[in-house]
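Here's a quick tour of a single model, written for someone who likes to know the cut-offs. Have the viewer open as you read.

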Amino acid sequence: MSLTEGRLSPIEAAGLAKCSTMDFPGLLSCVVFFRGCDLNCFYCHNRRLLDPVPQPSDLPWEQVLAFLEKRQGMLEGVVFSGGEPTLQPQLPRMMEEVRALGYRIKLDTNGQHLQKVQELAESGLVDYIAVDWKAPPDAWPRICGGSWERTRETIQMVLDKGIPMEARTTLYPGLTLEELKEMAGLLPTLPRWRLNLFRRPELARSGCEEWLEAPALGPEQLSRAAAELRALQPGILLP
């Protein structure tokens, strides 16, 4: 029997990127997006997903599963992203259903929910985890809210569990090389630390529009600082 038969679920996905070669290292994957986030990064590209209230454009979970059933043998992985997917109370159940179809699973998370990520890590349902390392400690509350210590604890836990992982940092306007080095030094040694160039979002956090006009680090500056950054984090991935 199909996994989509005989079930009625209120779960909805905010979007589905049907094919990606970039989001799950080494695997052809799709990305499922979910609504709701407990952080509020001023540079966020998925600002429309911060509000947890469902929208008419959302996809019933049964529709996502039906798509995955049709793509068995073609796609290899499914990325759970957002928003912040760990806010979904039925996330483990959804991952179980995806695993039953033979897919490998990646979780994108802001790292604010250590216990939930740990439960998923210990369940054996997650093959790869990407944690957002947002900002240096002094700037973290202003840039996104939440707790930098909590995210660092989540990163350390994932490393301790031996799950393949990476940290990710968007080079938001105003972030300096010295601050980036500070961020590198606060992390344990990572297998991968992926730096992403800033791209201006369509929507800005209210009251922060001027922040988007500040200079942002680019390839030339990163190239000149590559040796110093790699000395702190050998697994750094420059854009």
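The notes below go from the overall fold to the sheet, the pocket and a couple of local details.

## Ground rules

This is a predicted model, with local features needing pLDDT of at least 70, side-chain atom pairs counting only at pLDDT 80 or more, and totals for chains, interfaces and linings using all residues. Residues are numbered from 1 along each chain as its sequence is written, and side-chain values use heavy atoms, with hydrogens and water left out.

## Overall fold

The chain has eight helices and 10 strands (DSSP runs numbered from the N terminus: H or I of at least four residues for helices, E of at least two for strands). Its radius of gyration is 18 Å, close to the 18 Å from the globule rule for 239 residues, so the chain is as compact as a globular protein of that length. That radius is taken over C-alpha atoms, and the rule is 2.2 Å times the number of residues to the power 0.38.

## The sheet

Eight strands make an open sheet with mixed pairing, in the order S2-S3-S5-S6-S7-S8-S9-S10; strands pair if DSSP finds at least two bridges between them. S2 (15–20) and S10 (236–237) are at the edges with a single partner strand each, so one side of each has no neighbour in the sheet. S2 pairs with S3 in the antiparallel sense over four bridges, and Leu16 has Val32 in S3 as its bridge partner.

## The largest pocket

The largest pocket has a volume of about 1100 Å³. A pocket here is an open set of points on a 1 Å grid over the protein atoms alone, where a 1.4 Å probe fits, with protein on both sides within 12 Å along at least five of seven lines; lining residues have an atom within 4 Å of a point. Grid points are joined across faces, edges and corners, and the volume is the space filled by probe spheres set on the points.

Its lining has 34 residues, with His45, Asn46, Arg168, Thr170 and Asn196 nearest the centre. Strands S3, S6, S8 and S9 each supply at least two lining residues.

## Local details

Gly82 and Gly83 are joined by a cis peptide bond, with omega about 20 degrees. Gly83 sits in the loop between strand S5 and helix H2.

Trp148 belongs to helix H5. Beyond neighbours within four places in sequence, Trp148 contacts Trp133, Pro137, Trp140 and Leu186 (contact means heavy atoms within 4.5 Å).
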